[in-house]
Amino acid sequence: MRNDYKTVKGFGESELIIQKSRFITYVNRAETEQEAQSFIDNIKNQHKSANHNCSAYMIGEHDNIQKANDDGEPSGTAGFPMLEVLKKQGLKDTVVVVTRYFGGIKLGGGGLIRAYGKATTEGISIAQVVERKLHYIMKVSIDYTWLGKVENEIRSSEYPLDRIEYADLVEIYIFVPVDNEEVFRGWITELTNGQADLEHVGEEFLEFVM
């Protein structure tokens with residue numbers, strides 16, 4: 001299982017005019033091929049009169065699903081350069097559609113490759129790239145006498161605080177990067193003179209805008 005990877009934050013849309021042709025880019029996250037194809041079909045339905053609705057997507061932990069579609073453009077001049085942008089940026093679980101309304105001026109093979117690559121890059125920039133990092137959810141149980149000190153230290157630390165629950169003991173839930181668990185345990189133990197109980201209660205991906 002991957003502990004961290006890059007993808008897009010969510011939906012993004014951008015537009016370029018190149019030699020009078022409109023290139024409208026749509027980007028979104030897609031975690032399955034079905035989600036990617038549904039997104040592509042939706043854009044095609046919105047732009048039935050467009051000359052081309054070219055697409056590309058990368059899905060899976062090991063990029064095991066990679067597809068590119070030129071949708072009528074000369075072979076290798078649209079979907080492939082779009083897919084190459086996804087690869088170059090190291091994006092996973094990402095789908096891109098570039099809709100083209102022809103403006104009357106032919107761009108040639110090289111011009112098309114540059115246009116679709118640029119359109120894809122700009123769309124991704126609007127959608128925003130995020131890094132998703134797997135974190136353990138650690139529960140720290142302490143006596144109320146430790147609450148002030150421990151809470152202040154956690155809020156000042158690199159570890160995101162999830163929530164605090166108040167029962168017989170104070171239960172503090174903290175996100176800890178998977179490769180930092182032992183360091184975190186040692187820190188809490190030292191901070192509380194060994195008076196805290198620590199428990200791994202779950203895991204979750206957190207997103208950080210790049």
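Predicted model: local features only at pLDDT ≥ 70, side-chain atom pairs only at ≥ 80, totals over all residues.
The largest nonpolar core has 24 residues, and a second, separate core has 23. Strand E4 has 8 of its 8 residues buried, and a search of the whole structure turns up 14 salt bridges.

- In the largest nonpolar core, the residues with the most contacts inside it are Phe23, Met82, Leu86, Val98, Tyr116 and Ile124.
- Six elements are listed as giving two or more residues to this core: strands E2 (12–18), E3 (21–29), E4 (52–59) and E6 (94–101), plus helices H2 (79–88) and H3 (108–127).
- Helix H3 supplies the largest share of this core, with 6 residues.
- Take Met82 as a way in: leaving out residues up to four places away in sequence, Met82 touches Cys54, Ser55, Ala56, Val96, Val97, Val98, Tyr116 and Thr120.
- The second core is separate and includes Val140, Trp146, Val150 and Ile154.
- As a bit of background, nonpolar side chains tend to be buried together in soluble globular proteins.

**Strand E4 and its partners**

- Both faces of E4 are covered. On one side sit His52, Cys54, Ala56 and Met58, on the other Asn53, Ser55, Tyr57 and Ile59, and all of them are buried.
- E4 runs antiparallel to E6, and 7 bridges join the two strands. Here Tyr57 stands opposite Val95 in E6.
- E4 also runs antiparallel to strand E5 (residues 65–69), this time with 5 bridges. In this pairing, Ile59 stands opposite Ile65 in E5.
- E4 and E5 make a hairpin with 5 residues between them. In the turn, Gly60 has a positive phi of about 110 degrees.

**Arg2, before strand E1**

- You'll find Arg2 in the segment before strand E1 (4–8).
- Buried or exposed? Arg2 has a relative accessible area of 18%, so Arg2 counts as buried, the cut-off being under 20%.
- Setting aside neighbours within four places in sequence, Arg2 is in contact with Gly60, Glu61, Lys92, Asp93, Leu134 and Phe205.
- Arg2 and Arg185 are 183 residues apart in sequence, and their C-alpha atoms are 23 Å apart in space.

**Tyr5, in strand E1**

- Tyr5 has its place in strand E1, and at 5% relative accessibility it counts as buried.
- Not counting residues up to four places away in sequence, Tyr5 touches Lys92, Asp93, Val130, Glu131, Arg132 and Phe205.
- The side chains of Tyr5 and Arg132 are joined by a polar contact of 2.6 Å.
- Tyr5 and Pro81 are 76 residues apart in sequence and 22 Å apart in space, going from C-alpha to C-alpha.

**Salt bridges**

- In helix H2, Glu84 forms a salt bridge with Lys87, the closest N and O atoms being 3.7 Å apart. Glu84 and Lys87 are 3 residues apart in that helix, so about one helical turn separates them.
- Both partners are partly exposed: Glu84 has a relative accessible area of 32%, and Lys87 has 36%.
- Over in helix H4 (residues 147–155), Arg155 and Glu151 lie 4 residues apart, about one turn of the helix. Their side chains meet in a salt bridge at 2.9 Å, N to O.
- Arg155 counts as exposed, at 53% relative accessibility.
- Another salt bridge joins Arg163 and Asp162, with the closest N and O atoms 2.8 Å apart. Arg163 counts as partly exposed at 35% relative accessibility, and Asp162 also counts as partly exposed, at 32%.
- Some salt bridges share partners: that's how Arg29, Arg132 and Glu207 are joined into one network. Arg132 is also the residue whose side chain makes the polar contact with Tyr5.

Technical notes
Residues numbered from 1 in each chain as written. Heavy atoms only, no water. Core = buried A, V, L, I, M, F, W, Y, C linked by side-chain atoms within 4.5 Å. Buried < 20%, exposed > 50% of the residue type's maximum accessible area, 1.4 Å probe, protein only. Contact = heavy atoms within 4.5 Å. Salt bridge = Lys/Arg side-chain N within 4 Å of Asp/Glu carboxyl O. Polar contact = N/O pair within 3.5 Å; in protein donor to acceptor, adjacent residues only side chain to side chain. Pairing = 2+ DSSP bridges.
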